[in-house]
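Please walk through this structure with the text beside you, taking the backbone, the sheets, the salt bridges and the pocket in turn.

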Amino acid sequence: MRLYIIDTMQIKFITLGLILLLTISAEAQRKHKQETKIVDTIYSNYQPADLFSPMFYPEKGNENHAANGEPGPKYWQNRVNYQLKATIDTASKTLSAVERISYMNNSPDALQYLWLQLDQNTYKKDARSNFATGQSPAADQHTDGYQIESVSIDYGDVVKKADFIITDTRMQIRLAKALMAHGQISLRITYKYTIPGVFGGRTDYSDTKNGQIYEIAQWFPRMCVYDDSHGWDTLPFLGAGEFYLEYGDIDYEVTVPWDMIVAGSGELLNPKDVLTQTQINRLATAHNSDKTVMIRSADEVNEASSRPVHKGTLTWHFKMNNTRDVAFGASKAYVWDAARVNLPEGKKSLAMSVYPVESVGDGAWGRATEYLKKSIEYFSEKWFVYPYPVAVNEAGTAGGMEYPGIVFDGITDKGKELYWVTAHEIGHNWFPMIVGSDERRYAFMDEGFNTFIDIYASDAFNNGEYAPKRDGEYAPGGGNPADEIIPTILDPDAPTIMTAADAVAEKYRHPIEYFKPAFGLVLLREQILGNDRFDYAFRNYIHKWAFKHPQPDDFFRSMDNGGGEDLAWFWKGWYYNNLPLDLELTEASYVDNDPKNGIKVTVANLEQMAMPFIIEVKFKDGTNQRMQVPVEAWLQNSVISFTIPTTKAAAKITIDPDSALPDMNRGNNGIIMK
């Protein structure tokens with residue numbers, strides 16, 4: 001999900017806050033010397049035994065989740081297929097539908113009841129979400145949620161009314177006879193709901209010059225996940241925490257007025273029923289074109305000839321296989337363009353964008369399909385091949401939300417902002433649409449991972465046209481990310497990365513769910529493991545858990561094993577805690593007062609976190625030399641001394657010369673040699 005760019009005044013506040021926090025920290029260090037240990041008159045809060053204590057993982061690996069971080073030999077997950085027939089009444093702003101669910105219990109357990117998610121109930125006046133943040137919606141920002149007309153169980157030869165209850169955003173179906181292990185059950189649900197206005201956030205309708213745009217998501221009752229970690233995952237939908245869903249095939253039909261275009265997740269199965277022959281021909285051209293092809297131009301939006309019929313309704317039929325979810329946009333105002341996506345091993349997909357005339361232009365949505373296409377190509381080449389036949393970039397007021405095969409981006413976005421939000425939202429197709437993590441509990445496994453892969457996508461796009469990425473999701477003040485995370489680390493009220501998504505206050509949502517975990521992976525890739533080992537381990541994690549449900553320990557174990565390191569100290573310090581880092585270069589002198597004998601240096605670790613670091617010598621002749629010091633230097637001591645092998649006079653010595661580490665005080669990182 002998208003966050004917004006922080007303005008110049010906010011940057012000033014961040015800078016002032018950083019200075020203030022550093023000052024407070026230094027003062028606190030002086031006032032609390034009695035609470036620290038003293039090593040050769042150097043005061044340090046660092047305790048090696050705490051950071052490097054063994055037994056980080058609370059449990060051994062098992063047959064479902066192996067010790068190496070991969071799915072075990074007896075890993076299982078349930079599966080669900082959906083068939084949906086929906087109609088949108090644009091006069092009453094109502095969506096009504098009939099849903100058929102085929103649920104497969106692949107677990108070893110007999111299930112006496114089933115749980116489903118009813119996310120539209122979050123808009124009700126008595127919804128729990130109204131109280132989760134302490135800021136209730138306005139009186140006109142509610143709907144009646146799902147109106148469930150019937151729930152039944154289909155036994156093939158007979159259909160029986162189901163026994164069910166609804167609690168906030170969940171429905172429990174109580175079975176007369178348990179669904180046995182490896183059994184299957186079929187459900188029918190008839191329902192309707194009022195589509196929320198722009199207050200819907202992730203799903204809404206809004207006005208444009210040529211008609212309303214409908215962004216339809218969380219629009220059908222969906223099975224809760226039943227897994228080997230929590231059993232039924234029934235956390236209510238409170239707004240901040242997103243989704244955790246089972247995989248399956250979704251076949252859906254959407255009936256709308258004749259003049260509307262529908263752009264949805266998956267493949268359109270009946271183009272001849274809903275498109276003109278000209279549009280079908282243009283789509284065929286786009287399938288073979290790296291340049292964007294106009295399917296419905298701005299000039300054609302109000303032309304009746306751009307629709308195959310001129311009265312009544314049309315039914316659009318889509319199908320998406322092996323997906324967690326589907327969503328769609330619908331409007332008579334859409335301009336529509338498309339281009340081919342080139343995937344590894346000669347595979348192809350199609351990138352499309354739909355947007356109103358207000359968004360037309362090469363500086364705006366005229367490049368949206370290019371942004372979408374290039375992002376998918378990069379992520380596919382780097383991490384995992386995009387698995388779906390189509391990807392859609394849709395312009396509306398949701399302003400940055402992701403679903404399998406479709407993203408809702410901002411109608412007014414332009415230039416680098418549109419590129420960044422497009423890359424970020426379609427990147428979510430890797431996390432959590434392909435790697436199916438639990439967003440509601442562990443936001444870092446989708447927002448953090450996805451923000452991380454965005455950084456390198458920005459570097460690669462069009463020779464770095466919009467690089468480096470310094471938007472509201474990474475380095476929010478536009479500066480050095482290592483410096484910008486420090487205020488959060490030093491904030492005593494800041495939650496940790498492992499905090500449940502809905503328990504993170506809004507002021508901390510970006511730094512804790514997006515920025516810190518993304519920067520943590522940058523540290524892991526560029527400072528701890530190195531690019532090659534990180535990429536190999538991270539890619540293996542993605543491939544092993546594609547279309548499955550990993551837990552945080554599966555990721556940690558995958559990186560430990562694939563990278564060949566015990567990274568417990570990093571997971572402990574960066575993910576489970578906000579431990580600060582302060583390395584100090586305390587002394588530097590020539591061995592035996594002779595530059596030819598090398599330089600002996602002393603480095604102190606003054607705070608609770610440890611990191612490997614680079615130390616650089618700049619020589620008086622203008623050359624320089626660097627040395628890598630591993631994290632093992634901090635296994636036993638808070639102060640270390642070693643010799644840098646040099647043979648000539650030095651001008652300056654600096655630790656972390658690139659300012660790559662989140663060092664809270666860079667003023668003590670260098671010494672000028674005499």
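A residue is called buried when its relative accessible area is under 20%, exposed when it is over 50%, and partly exposed in between, with a 1.4 Å probe and protein chains only. The model is a predicted one, in which local features need pLDDT of at least 70 and side-chain atom pairs count only at pLDDT 80 or more, while totals for chains, interfaces and linings use all residues. Residues are numbered from 1 along each chain as its sequence is written, and side-chain values use heavy atoms, with hydrogens and water left out. Helices (H or I, at least four residues) and strands (E, at least two) are DSSP runs, numbered from the N terminus.

Two peptide bonds to proline are cis: the one from Phe431 to Pro432 has omega near 20°, with Pro432 placed in helix α8 (residues 429-434), and the one from Ala467 to Pro468 has omega near -10°, with Pro468 in the loop between α9 (447-460) and α10 (481-484).

Turning to the strands, two of them count as paired if DSSP finds at least two bridges between them. Strand β3 (residues 79-89) has a covered face made of Val80, Tyr82, Leu84, Ala86 and Ile88, and an uncovered face made of Arg79, Asn81, Gln83, Lys85, Thr87 and Asp89. In a regular strand the side chains alternate between the two faces of the sheet. With β4 (residues 94-104), strand β3 runs antiparallel over 11 bridges, and Arg79 stands opposite Met104. These two strands form a hairpin with four residues between them, and Lys93 in the turn has a positive phi of about 55°. Strand β3 also pairs with β16 (residues 248-257), here in the parallel sense and over six bridges, Tyr82 having Ile250 as its bridge partner.

The structure holds 28 salt bridges, each being a side-chain nitrogen of Lys or Arg within 4 Å of a carboxyl oxygen of Asp or Glu. In one of them, Arg441 and Asp233 bring their closest N and O atoms to 2.1 Å; Arg441 lies in the loop between α8 and α9 and Asp233 in the loop between β15 (231-232) and β16, so the pair ties together parts that are 208 residues apart in sequence. Both Arg441 and Asp233 are buried. Lys373 and Asp290 form another, with their closest N and O atoms 2.9 Å apart, and this pair links helix α6 (residues 368-382), which holds Lys373, to the loop between α5 (277-286) and β19 (293-296), which holds Asp290. Lys373 counts as buried, at 3% relative accessibility, whereas Asp290 is partly exposed, at 41%. Both residues belong to a network of salt bridges that links Asp290, Arg340, Lys373, Lys374 and Glu377.

The last feature is a pocket, defined on a 1 Å grid over the protein atoms alone as an open set of points where a 1.4 Å probe fits, with protein on both sides within 12 Å along at least five of seven lines; lining residues have an atom within 4 Å of a point. The largest pocket has a volume of about 1100 Å³, a volume being the space filled by probe spheres set on the grid points, which are joined across faces, edges and corners. Of the 36 residues that line this pocket, the closest to its centre are Thr133, Arg202, Leu238, Gly239 and Ala240. Helix α12 gives the most to the lining, with four residues.
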